[in-house]
Amino acid sequence: MRLHSALAAASGALMLVLAVPVPASAATGQFRYSYKTADGYDAVGFINNPQSRRCIDIQGAGSDGTSAAYAPKNLTDATATVFLEAGCMGEVFYSLRPGAGASERLLVRSVVFS
């Protein structure tokens with residue numbers, strides 16, 4: 001009887017594990033960018049292991065009256081699409097392959113990963 005109860009408990013636990021939703025996928029690696037602080041200092045920001053298919057507004061990029069971030073570097077394993085506008089909106093965007101970077105001329109305020 002004990003063996004039967006143990007098997008039933010183990011089977012029930014396995015069913016619970018299989019029923020738990022899998023977290024959203026994430027890109028592995030780091031996305032880096034440069035920006036000027038509100039005081040005019042150069043700074044480097046980064047996003048570690050960003051969630052896929054979710055728009056991320058870049059901190060320090062226009063959110064507090066500062067200018068857009070620039071020189072993005074996609075050191076993740078997913079394609080990063082960067083936008084000039086916050087909220088991944090607007091007609092100005094650029095895709096960065098995994099491992100690719102762009103010059104200081106590319107201005108960004110938001111990013112989404114494939």
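These are my notebook entries on a predicted protein model and what I looked up in it.

**Ground rules.** I number residues from 1 along each chain as its sequence is written, and side-chain values use heavy atoms, with hydrogens and water left out. As this is a predicted model, local features need pLDDT of at least 70 and side-chain atom pairs count only at pLDDT 80 or more, while totals for chains, interfaces and linings use all residues.

**Confidence.** I started with pLDDT, the predictor's confidence in each residue, from 0 to 100. The protein averages 81, and 74% of the residues score at least 70. Strand β5 (residues 80-83) has the highest confidence at 97, and helix α1 (residues 2-19) the lowest, at a mean of 45. I then checked residues 1-10 and found pLDDT under 50, with zero contacts beyond four places in sequence; a contact means heavy atoms within 4.5 Å. Residues 12-22 also stay under 50 and have zero such contacts.

**Layout.** I took helices (H or I, at least four residues) and strands (E, at least two) as DSSP runs, numbered from the N terminus. Among contacts with a separation of 6 or more, 66% join residues 24 or more positions apart.

Two strands pair if DSSP finds at least two bridges between them; β1 and β2 have seven, in the antiparallel sense. Arg-32 stands opposite Phe-46 in β2. Five residues lie between the strands, and Gly-40 in this hairpin takes a positive phi near 90°. I also looked at the faces of β2 (residues 42-48): Ala-43, Gly-45 and Ile-47 are on the covered one, and Asp-42, Val-44, Phe-46 and Asn-48 on the uncovered one.

**Ser-34.** This residue sits in strand β1 (residues 29-36). Is Ser-34 buried or exposed? Ser-34 counts as buried because its relative accessibility is 18%, and buried means under 20% relative accessible area, exposed over 50%, partly exposed in between (1.4 Å probe, protein chains only). Beyond four places in sequence, its contacts are Ala-43, Val-44, Ala-69, Tyr-70 and Ala-71.

**The core.** A nonpolar core is a set of buried Ala, Val, Leu, Ile, Met, Phe, Trp, Tyr and Cys residues joined through side-chain atoms within 4.5 Å. The largest one has 18 residues, and Phe-31, Tyr-33, Ile-58, Val-82, Val-111 and Phe-113 have the most contacts inside it. Strands β1, β2, β5 and β8 (110-113) each supply at least two residues of this core, with the largest share, three residues, coming from β1.
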